[in-house]
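Subject: Structure for you to look at

Hello,

Below is the structure I said I would pass on. My notes on it follow.

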Amino acid sequence: MRLKLVPEGTSFDFFSKWKIWLGISALMMLVGLASFGLQGLNFGIDFRGGTTVRSESSTAIDVGQYRDAIAPLELGDVSITEVFDPTFEEDQHVAMIRIQAQADGEAISGEVIQSLQAALDAVAPGIKFVSVESVGPKVSGELVQTAVLAVVLAIGAVLIYIWLRFEWQFALGAVVALVHDVVLTIGVFSELQIKFDLAIIAALLTIVGYSLNDTVVVFDRVRENLRRYKKKDLAEVLNLSINETLSRTVMTSVTTLLALISLYVLGGDVIRGFVFAMIWGVIVGTYSSIFVASTILLWLGVKRDWSKPSNTAGNQFANVDA
Amino acid sequence: MLQIDLWKRVLIWLVCVTGLLLALPNGFYTRVEQSNDAAAEIIAKGDSPERQEVVAQWPSYLPSSLVNLGLDLRGGAHLLAEVKVADVYAARMDALWPEVRDALRPERDTVGSFRRQQAPDGQIRLKISKPDGMSRALQILRGLANPITTLTGAGASDITVSGSGDLITVELSEAERLASDDRTVRQSLEIVRRRIDEVGTREPTIQRQGADRILIQVPGIGSASELKAIIGTTAQLTFNPVVGRGSDADAAAGVGNKVIPSLDEPGTYYTVEAAPVVTGEQLVDAQPAFDQNGRPAVNFRFNTSGARKFGDYTAENIGSPFAIVLDDEVVSAPVIQSHIPGGSGIITGNFTIEESTHLAILLRAGALPAGLEFLEERTIGPELGQDSIDAGKVATIVAFIGVLVFMALSYGLFGIFANVALVLNVALIFGFLSLIGATLTLPGIAGIVLTVGMAVDANVLIFERIREELKAGRGPARAIDEGYSKALSAILDANVTTFITAVILFAMGSGPVRGFAITLGLGILTSVFTAIFVTRLMIVMWFERRRPKQIEV
């Protein structure tokens, strides 16, 4: 007896309403972009400079009291949030204190941290700073540039690889799906105002990798079926290919999600945002390889006869079937 | 069809066993770490039975490389400092002014009187009262320039002199600025490294980043402020008369003398006069050079007052040694060969070229050559690091079990093959990480967990393919064979693309992100290896033994 998430021999029709699916995706991307445009991202100190302090004390946290204690130090914009996590001990009360970047280009000075600790010690005796991170505005500007460059480079490199291995229509489909995933992820982070820092960029690139992985598996089957069924309609071939790979798509998504969810619940709050981005990315990436990448392929059309040698640039590596 | 050559089988198992062996020390982290530390202490500080005992905690025939834990897991401090390279230009110009003055003085008849004017840092501006003498003045001042000997600046000279009307401007040339920046940063790096090494913490990372930045990561240190204090301390360079030399650290020094160890020769101690003849504050420059016999040596130069004191002292003490002392350690103790007037001298000894270069750096490294601006500071407490390790461990184990159970339920016996491969896979990742001395960070752990989820993908692709082939009516052997060969192109394409993103992450990222890229990239390599070779070998071996008429996947 086997556990089967997808029954054998499915024949779902994924393309009868392809315009609707593309419409939904476009709409979601618009919502994401609008949210990003209106609200902006809740950038962490990596990207906008400033200091975050993670404090731990055995007494319960009163954010108002903390704020009052810090106010006389005149550090400018200070935000205090209490952190909750199932992995904490009973008397472990954690707060994140974020202080805006100070006027000069440097990171925060040791004295400021000491006076901050002294001020907080008055309201929460025995408070400890378990981590202090400070980034000067000079570096944060560069980090933004590098991050954007990394995402663009990754997408560009992939575009070229798929173009070499398949055809330009496939590459375009895959890349539109990637942009879709990245935009939706940024949209979610801006909508929910989750802290967006360097680690999230790593998550974004992983999403790019995962979504691509998924898309490529489907495309690989499409290419194979295009060779086998020369007379079939493109929509039919696409449908068949997706149905044939559906079981694998679901299996891989489920195992990956299993791992990620356990990390989300048990991995502690430090990387929760990072893991959240990846969980979201796996879901969106799976959706996009079927409903965006393949649909774009259907829309663009594709060369049908793969048996003849072709003199297009794209094909010279396409038959390297390892 | 389902045949794998014997040598291939041996090779596959060999890789797996090697991976397991390399990963093994990480299972006994504290014990191996203590053993390694004790071994390092024996080399540094000498043998002792207690240390031997600690070393023996881990058998020497087993590999002992461990995965380094990143700052976010071990706790420690991280600093990114920018060296203010322009500080040096101003000092250079101030040092040049007396030379300029002395050169122009004899020419008063042609150039008239001259005065130094207010000028931006890094420039000398002077006005001459007879503008007609400008060309002569420029000619003289250009004579002060020295050729640059760096690769990029070959043929250029170190200063540029220009004149207009009655105003002369002297400044460092572009090539010299570049060379000077590079020297300044290297020198700062060397000083920072020395300072931190003195504190003796484990595995500090001190790297140059870009043109003018230094990245400093020190595990186990209390806070970034503490680290800044260590770096900020200036090196104390002195030149002291040598009274005696011996191997006894507790030798009676005598009034006004002190006993200090040698920097390079362990067990050698010098007795020197406590009052220095000259100090490093009066040293203007030190450069690697060669003596008249062509042996590596170090040239140094004092400022005026230092030169006078040094000249007087050497004139009176020809034939006796004097010690070059850095932070109460004797760098070298040459014998004075002759009177050294003019404030410059040469240190000779049994140097290699590297050593003379190093010594020159150290001599110049009396104090940081330029200010440091701290752009980024991070302190992570050891408690938070430990919490993260614990949470990461639990999450990894749960993720692991979840995936193992799920695979077994979905694919039965084949799922168990995949599970064995998955366990091997994680062991291989740890083995490789230890082998290349990579650093494991919290996002790195996430990378491993993600790999656990994604590693089964290749096997899933293959198993689904075998299922399809079976459904199409092929025999078991044929189905397995076809399954593998047809899934291969999808596996390769899918993993190459993910690998590309991992490489880009590694190239562009820093710190924790890089740690994630390493585990992700390694995870892709090992998961492809285990899926294509290891599970296949297991399936083939099982198939050879059982010869099943039909299989269920």
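This is a predicted model: local features need pLDDT of at least 70, side-chain atom pairs count only at pLDDT 80 or more; totals for chains, interfaces and linings use all residues.

Glu74(A) sits in the loop between helix H3 (63-70) and strand E3 (78-83) of chain A. Its phi is near 55°, a positive value in a residue other than glycine. Most residues other than glycine have a negative phi. Chain B has a residue of this kind as well: Arg547(B) is not a glycine, yet has a positive phi of about 50°. Arg547(B) belongs to the segment after H15 of chain B. Arg547(B) is exposed, with 8 other C-beta atoms within 10 Å.

Chain A overall

The secondary structure of chain A consists of nine helices and six strands. For 322 residues, a compact globule would have a radius of gyration near 20 Å, whereas chain A has 25 Å. The C-alpha trace of chain A spans about 80 × 50 × 35 Å along its principal axes. Of the 322 residues in chain A, 45% are buried. If one takes the contacts in chain A between residues at least 6 apart in sequence, 81% of them join residues at least 24 apart.

The assignment divides chain A into domain 1 (18-43 + 140-317) and domain 2 (50-135). The centres of these two domains of chain A, taken over C-alpha atoms, are separated by 39 Å. The contact between them involves four residues of domain 1 of chain A and four residues of domain 2 of chain A. On the domain 1 side, the residues are one nonpolar, two polar and one charged.

Strands in chain A

Strand E2 (residues 50-57) of chain A is largely enclosed by the rest of the structure, because seven of its eight residues are buried. E2(A) pairs with two strands that I looked at. With E5(A), the pairing is antiparallel over seven bridges, and Thr51(A) stands opposite Ser134(A) there. With strand E4 (residues 93-99) of chain A, the pairing is also antiparallel over seven bridges. In that pair, Arg54(A) has Met96(A) as its bridge partner.

Where the chains meet

Strand E5 (residues 128-135) of chain A also runs antiparallel to E18(B), joined by five bridges. Val135(A) is opposite Glu376(B) in this pairing. The contact between the chains takes 62 residues from chain A and 62 residues from chain B. On the chain B side, at least two residues each come from helix H9 (224-232), strand E18 (372-380), helix H12 (382-435), helix H13 (442-471), helix H14 (476-508) and helix H15 (511-546). H12(B) gives the most, with 16 residues. By class, the side of chain B that touches chain A has 38 nonpolar, 14 polar and 10 charged residues.

Chain B

The domain assignment for chain B gives domain 1 (6-29 + 62-68 + 382-546), domain 2 (86-174) and domain 3 (237-336). Between the C-alpha centres of domain 1 and domain 2 of chain B there are 66 Å.

Chain B contains an open sheet of four strands in the order E3-E4-E6-E5, with antiparallel pairing. Strand E3 (114-117) and strand E5 (159-164) of chain B are at the edges; each has a single partner strand, so one side of each is left without a neighbour in the sheet. On average, neighbouring strands of this sheet are turned by 25° against each other, direction ignored. Strand E4 (residues 123-128) and strand E6 (residues 167-172) of chain B run antiparallel and are joined by five bridges. Ile124(B) has Val170(B) in E6(B) as its bridge partner.

Two helices lie across this sheet. Helix H7 (residues 134-142) of chain B lies across E4, E5 and E6 of chain B, at about 175° to E5(B).

Regards

Terms used: Residues are numbered from 1 along each chain as its sequence is written. Chains are lettered from A and ligands numbered from 1 in the order in which they are written. Two residues are in contact if their C-beta atoms, placed from the backbone, lie within 7 Å. Ala, Val, Leu, Ile, Met, Phe, Trp, Tyr, Cys and Pro count as nonpolar, Asp, Glu, Lys and Arg as charged, and the others, Gly among them, as polar. Two strands pair if DSSP finds at least two bridges between them. The radius of gyration is taken over C-alpha atoms; the globule rule is 2.2 Å times the number of residues to the power 0.38. A residue is buried if 20 or more other C-beta atoms lie within 10 Å of its own, exposed if 12 or fewer, and partly exposed in between; C-beta atoms are placed from the backbone. Domain bounds come from an automatic or database domain assignment. Axes are lines fitted to C-alpha atoms, for helices over the stretch in contact, and angles run from 0 to 180 degrees between N-to-C directions.
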